[in-house]
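Work through the exercises below with the structure open. Each task is followed by a solution in steps.

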Amino acid sequence: MTKAAGIVGSATFLSRIFGFIRDVVIAWFFGAGLSSDAFFVAFRIPNLLRRLFAEGSLSIAFIPVFTEYLTNQGKDEAFHLARSAIRLLSAILVVMVILGILLAPIIIQVIAPGFTDSPEKFSLTVTLTRIMFPYIFFICLVALCMGILNTLGHFAAPALAPVFLNLALIFSAFFIAPYMAEPVTGLAIGVLIGGFLQLGLQLPFLIKKGLYFWQKASFYHPGIKKVGTLMLPAVFGASVYQLNILIGTLLASLLPEGSVSYLYYADRLVQFPLGIFAIATATAVLPSLSRQAAAKDFEAVRDTFGYAMKLVSFITIPSMAGLIVLREPIVALLFKRGAFDIETTRMTAYALLYYSVGLWAFSAVRIVVSTFYALQDTKTPTKIAVISIFANMVLGIILMIPMGHGGLALSTSLASMLNLGLLIRSLRKKLGLLKWRSILKSVFNSVLCSLLMAIFVRSAASLIIPPEHGTVLNLFSGVVISIAVGLLAYGFFSFLTKSQEFEKVLTMAKKGLKKC
């Protein structure tokens, strides 16, 4: 599992690097205003549907069933299920895309009601939504391919897929957008190109594994019904974070112009450690948990769950501390140029502070939800998700009045903490004792080392980063040195406290270097 998480994490790291280059380019050309707000709202819709019906539920519902067929009935029957799923999903997606294009104005009225006060912004958002909606067809099929390949032990190609989307967007910003009557529509075209490339990347690896999707298969397979039964409630249970972000976007549309963009850029920064470590670990752990659950080895399920929780906490807690301490210099380094000015930097850093507070909860929820779905229980996370989403909405309305867009970021973090607490309580009832003493000891150790690390990082940053950030070179060197100080300090204190997770990560890193 650690090896698989390392592969996914490394590929995700590369994707995030290109993702930040993409966001830097978009910030440079469009800043935080009408065009960027319209694009980010329009892009959230296919992105949300991707995470709800693809990565958020389809993959999680499909992997346990596909694993069960692979374990108990053999590869031929499992591949028959996969081909049927591909065909049925393709037909459903075509209908969904057509409906999405036709109903775009209604969707925008629901997602961003504040945009109706500006006919120009509303019209542009509708146009962008219609251009990008076919992206859902490509990316949902990518997610299904990801589930198949991950179960078969191949993690690299699915994890690398987002790189192609980012490259397509960067290309479109430079070579398509400048030639469009409305430049931001060039980015929407780039999204479609990226979706096509992502799907194309998966197909050769599926064929290499022996899955010939053109072979005979019906639209229905007995396993499809089981996947559908698991998937319907999983739409909510696996995607609470994304739904909470969407609620934040909806409420932010009622705030001053630029609020949607501040939240978007801050969320992108939180997604960096979340994607590289938490989502990578959850992606790697689901096939392992599914195999153990299929074999009825619940002791192994408990062990794998505990190991994943400790590993994620070991990495995301110091990431949270680092983002809080260095939030403004990091935002300035990545985005402050062109239309993205000092005020936009401060407003984005303000949102990042409150998103960062919940990073540990966002990450842990991924592991707990994966455990439920490996056990083929999607109802429990769904019930808890409804409570979390309602809490986020209420908290958002309350906190946005005194805190503006920062209150929306904080409400997302608080709702995720509530979600995690309720999920853990329910999982304990389902699996019994989860060796919490060992998990909490590891988490406490990570918190202690992170606090000590934060003191060193804060001291280094105050000495080497100019108050107004200085030149790009000064800012870059200051941020890099501060992060290096943090890594060394966290490693040193983890070594002193004899952290088992530190030893395991260090061992994996040494093995990786030897192979290189």
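**Exercise 1.** Find the residues through which helix α13 meets helix α19, and class them by type.

*Solution.* Take contact as heavy atoms within 4.5 Å. On the α13 side, the list includes Phe 305, Met 309, Phe 314, Ile 317 and Val 325. Among the residues of α19 that they meet are Trp 436, Ile 439, Val 443, Met 453 and Arg 458. Next, sort by type: Ala, Val, Leu, Ile, Met, Phe, Trp, Tyr, Cys and Pro count as nonpolar, Asp, Glu, Lys and Arg as charged, and the others, Gly among them, as polar. The contact of α13 with α19 then divides into 14 nonpolar, 7 polar and 2 charged residues.

The model is predicted: local features need pLDDT of at least 70, side-chain atom pairs count only at pLDDT 80 or more, and totals for chains, interfaces and linings use all residues. Residues are numbered from 1 along each chain as its sequence is written, and side-chain values use heavy atoms, with hydrogens and water left out.

**Exercise 2.** Determine how the axes of α13 and α19 are oriented.

*Solution.* Helices are DSSP runs (H or I, at least four residues), numbered from the N terminus. Axes are lines fitted to C-alpha atoms over the stretch in contact, and angles run from 0 to 180 degrees between N-to-C directions. The axes of α13 (residues 298-325) and α19 (residues 436-464) come within 9 Å and cross at roughly 20°. Because angles under 35 degrees count as roughly parallel, α13 is roughly parallel to α19. Their crossing is right-handed (the near helix is turned clockwise from the far one by less than a right angle).

**Exercise 3.** Is Phe 137 buried or partly exposed?

*Solution.* Buried means under 20% relative accessible area, exposed over 50%, partly exposed in between (1.4 Å probe, protein chains only). Phe 137 has 23% relative accessibility, so Phe 137 counts as partly exposed. Phe 138, with a relative accessible area of 19%, is buried.

Notes:
Helix = DSSP H or I, 4+ residues; strand = E, 2+ residues; numbered from the N terminus. Parallel < 35°, antiparallel > 145°, perpendicular 65-115°, else oblique.
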